[in-house]
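Here are some quick notes to read with the structure open beside you.

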Amino acid sequence: MITLKKEDGPADLDGVTHLSIGVSWDPTVGSSGGLMGKLKQKKGTDLDLIAIAMQGADPVRLAGLDSLDPLGNGSLIHSGDNQTGKGDGDDETVTVDFAKVPSNVTAIVFVAAAYKKGSAFQNARNVSIKVYDATGGSSQQVADIWPSLLTSDNGCAVAKAMRVGAGWKLQVINETGKIKQGDEHALMRFAISK
C-alpha cells in the first residue's frame with residue numbers, strides 16, 4: 001500500500017495495476033441564501049474531473065467532458081458527468097489500467113474544474129479528490145486531496161501519473177489556477193503547465 005502527499009514528491013506505483021481518482025462535492029446555497037439559494041442548491045453545482053493523456057509535452061486524449069473511453073481500449077475510463085454533486089461517494093471517477101495504456105502516452109494529468117460556463121468552486125462545498133489503488137478490483141484509498149477554500153480559481157491540478165521506464169509514478173500536485181470556462185485549449189494548457 002502507498003500513501004501519497006504533495007510533500008512526498010513522485011511515488012512509485014510498483015504493484016499498482018489499476019488506479020482510480022474520484023471527485024466528490026456537495027452543492028450549496030452559497031451566499032445568496034433565501035429562496036434563490038434553495039433553488040441553486042436544488043439545481044446543484046457542476047464540477048468536472050478530467051484526465052488528459054500526454055505524449056511528451058502534447059495533450060493527445062481527454063477523458064471526461066462526455067469522452068468516456070478516449071483511448072478506445074479501456075485503459076482510461078471516465079464514469080460520466082455528474083452535474084449536481086448530489087449523492088454519496090465520488091460524483092465522478094477516472095480509472096486507469098496501466099497495462100493497457102498505449103506506449104506513446106508518457107503521462108496522465110488529472111484536473112478537477114468548474115469548467116462549464118456558470119459553474120464555480122465557490123458554489124460547491126466539501127470538495128474532495130480521492131486517489132485509490134484499484135488493483136484487483138479493490139478500492140484502497142491512498143490519498144485525499146482538498147483544494148483550498150480561499151481560492152477564486154476554477155481549476156485544480158490534482159495529480160500526475162508519469163511513465164518511468166516500464167513502470168509508473170504518481171505525484172500529488174493540488175495546485176489551483178484559472179481556466180477559461182468552456183475552452184478545451186485553456187484546459188489542456190493548464191494541464192501542460194503542471
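1. Is Lys130 buried or exposed? Keep in mind that this is a predicted model. Lys130 comes out as buried, since its relative accessible area is 17% and the cut-off for buried is under 20%. For a partner, look to Asp144: the two side chains form a salt bridge, 3.7 Å from N to O. Lys130 sits in strand S8 and Asp144 in strand S9 (residues 140-145), so this bridge ties together parts 14 residues apart in sequence. Asp144, with 36% relative accessibility, counts as partly exposed.

2. On to the other salt bridges. Lys116 is in the loop between strand S7 (107-113) and strand S8 (124-133), while Asp46 is in the loop between helix H1 (34-43) and strand S3 (48-55), so the pair ties together parts that are 70 residues apart in sequence. Asp46 is buried at 11% relative accessible area, whereas Lys116 is partly exposed at 26%.

3. Lys116 also makes a salt bridge with Asp48, at 2.8 Å from N to O. Asp48 belongs to strand S3 and Lys116 to the loop between S7 and S8, so here the parts tied together are 68 residues apart in sequence. Asp48 is buried, with a relative accessible area of 2%. Put together, Asp46, Asp48 and Lys116 are linked in a network of salt bridges.

4. Now the nonpolar side. The largest nonpolar core has 39 residues, and the members touching the most others are Leu4, Leu76, Phe98, Ile108, Phe110, Val131 and Leu170. Strands S2 (18-27), S3, S6 (92-97), S7, S8, S9, S10 (155-164) and S11 (167-177) each give two or more residues to this core. Apart from it lies another core, of 19 residues, including Ile52, Val111, Ile173 and Leu187. As background, nonpolar side chains tend to be buried together in soluble globular proteins.

5. Which residues does Leu170 contact, once its neighbours within four places in sequence are left aside? Among them are Leu4 and Val131, both also on the list of core members that touch the most others. The contacts of Leu170 also include Gly9, Pro10, Ala11, Leu13 and Leu19, along with Ala159, Lys160 and Ala161.

6. There is 1 aromatic pair in the structure. The ring centres of Phe98 and Trp168 are 4.9 Å apart and the planes make an angle of 35°, so the pair counts as tilted. Phe98 is in the loop between S6 and S7 and Trp168 is in strand S11, so the pair ties together parts 70 residues apart in sequence. Both residues, Phe98 and Trp168, are buried.

7. Finally, the sheet. Five strands make an open sheet in the order S5-S6-S2-S8-S9, with antiparallel pairing. Strand S5 (76-78) and S9 are at the edges with a single partner strand each, so one side of each has no neighbour in the sheet. From one strand to the next, the twist averages 15°. Within the sheet, S2 and S8 run antiparallel and are joined by 8 bridges. Asp26 stands opposite Arg125 in S8.

Conventions. Residues are numbered from 1 along each chain as its sequence is written. This is a predicted model: local features need pLDDT of at least 70, side-chain atom pairs count only at pLDDT 80 or more; totals for chains, interfaces and linings use all residues. Side-chain values use heavy atoms; hydrogens and water are left out. Helices (H or I, at least four residues) and strands (E, at least two) are DSSP runs, numbered from the N terminus. Buried means under 20% relative accessible area, exposed over 50%, partly exposed in between (1.4 Å probe, protein chains only). A salt bridge is a side-chain nitrogen of Lys or Arg within 4 Å of a carboxyl oxygen of Asp or Glu. A nonpolar core is a set of buried Ala, Val, Leu, Ile, Met, Phe, Trp, Tyr and Cys residues joined through side-chain atoms within 4.5 Å. Contact means heavy atoms within 4.5 Å. Rings of Phe, Tyr and Trp (its six-membered ring) pair if their centres lie within 6.5 Å; planes under 30 degrees apart count as stacked, over 60 as edge-to-face and the rest as tilted. Two strands pair if DSSP finds at least two bridges between them. Axes are lines fitted to C-alpha atoms, for helices over the stretch in contact, and angles run from 0 to 180 degrees between N-to-C directions.
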